[in-house]
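Dear colleague,

Please find below the structure that I am handing over to you. My findings follow it, grouped by topic.

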Amino acid sequence: MADQVKHISSHQEFDNLLASNKYVIADFHADWCGPCKLISPHFSKMASTFSIPGFLAFAKVNVDHVQSVAQKYSVAAMPTFLFFKEGNQVAVNGQAMIQGANLPSLNLAVEKMGKLAKEKAAAAAAAE
């Protein structure tokens, strides 16, 4: 199974990902973070299930390596999951972010964004 998670190495790369996908789900993590390591395989599995090129992308941002992105979005706790629509941070299910390895909340948010992305992709395909 190919890894569907984009590992971000620069601020420009993150901005490019936001610009080239309708929706993006970003996992802000650190190598030293235990809860990050626990939830990482679940995030990868969600990416394999829900990724749709151009419509829904999954990203991992190491806060120690790409500090400017973490600072831009005021990420202070790890892991923190942020959601983006058309390049702008949005709330999903009433939450602007999910802090900590909260798998039930993350599952609900990913399923909701996955459904929206699938609908947008289907509409785009029908319009072609």
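**The pair of helices α2 and α4**

Helix α2 passes helix α4 in a right-handed crossing. Of the residues that make up this contact, 7 are nonpolar, 3 are polar and 1 is charged. Please note that the model is a predicted one.

Two packed helices are described by the angle between their axes and the distance between the axes. Here α2 covers residues 34-50 and α4 covers residues 103-127, and their axes come within 11 Å and cross at roughly 15°. Angles under 35 degrees count as roughly parallel, and α2 and α4 are therefore roughly parallel to each other. On the α2 side, the contact involves Ile39, His42, Phe43, Met46 and Phe50. On the α4 side, the residues are Leu103, Leu106, Asn107, Val110, Glu111 and Gly114.

**Phenylalanine 43**

One residue of this contact is described here in detail. Phenylalanine 43 has its place in helix α2, and it counts as buried because its relative accessibility is 0%.

**The disulfide**

How many disulfides does a search of the whole structure find? The search finds 1. It is formed by cysteine 33 and cysteine 36, whose sulfur atoms are 2.3 Å apart. The torsion about their S-S bond is about 85°, so the disulfide is right-handed. Both cysteine 33 and cysteine 36 are buried.

Cysteine 33 is found in the loop between β2 (23-29) and α2. It counts as buried because its relative accessibility is 4%, and the cut-off for that class is under 20%. Not counting residues up to four places away in sequence, cysteine 33 touches Met78 and Pro79. As a further reference distance, the C-alpha atoms of cysteine 33 and alanine 91 are separated by 24 Å, with the two residues 58 residues apart along the chain.

**Backbone geometry**

Most residues other than glycine have a negative phi, and most peptide bonds are trans. The following residues are therefore listed for your attention, with reference to that general rule.

- Methionine 78 and proline 79 are joined by a cis peptide bond, with omega about -10°. Proline 79 has its place in the loop between α3 (67-72) and β4 (80-85). Both Met78 and Pro79 are touched by cysteine 33.
- Serine 74 has a phi near 55°, a positive value in a residue other than glycine. Its place is in the loop between α3 and β4. Serine 74 is exposed, because its relative accessible area is 56%.
- Asparagine 93 also has a positive phi, near 55°, and is a residue other than glycine. Its place is in the loop between β5 (88-90) and β6 (97-99). With a relative accessibility of 41%, asparagine 93 counts as partly exposed.

**Two further buried residues**

Which residues does valine 63 contact, leaving aside its neighbours within four places in sequence? They are Phe28, His29, Ala30, Ala70, Val75 and Met78. Met78 is the residue that a cis peptide bond joins to proline 79. Valine 63 lies in the loop between β3 and α3 and is buried, with a relative accessible area of 9%. The C-alpha atoms of valine 63 and glutamate 86 are separated by 22 Å, and the two residues are 23 residues apart along the chain.

Alanine 57 is found in strand β3, which comprises residues 56-62. It counts as buried at 9% relative accessibility. Not counting residues up to four places away in sequence, alanine 57 touches Leu17, Asn21, Tyr23, Val24 and Ile25. Alanine 57 and serine 9 are 48 residues apart in sequence and 15 Å apart in space, C-alpha to C-alpha.

With kind regards

Technical notes. Residues numbered from 1 in each chain as written. Predicted model: local features only at pLDDT ≥ 70, side-chain atom pairs only at ≥ 80, totals over all residues. Heavy atoms only, no water. Disulfide = S-S within 2.5 Å. Buried < 20%, exposed > 50% of the residue type's maximum accessible area, 1.4 Å probe, protein only. Axes fitted to C-alpha atoms, helices over the stretch in contact; angles between N-to-C directions. Helix = DSSP H or I, 4+ residues; strand = E, 2+ residues; numbered from the N terminus. Parallel < 35°, antiparallel > 145°, perpendicular 65-115°, else oblique. Left-handed = near helix turned anticlockwise from the far one by under 90°. Contact = heavy atoms within 4.5 Å. Nonpolar A, V, L, I, M, F, W, Y, C, P; charged D, E, K, R; others polar.
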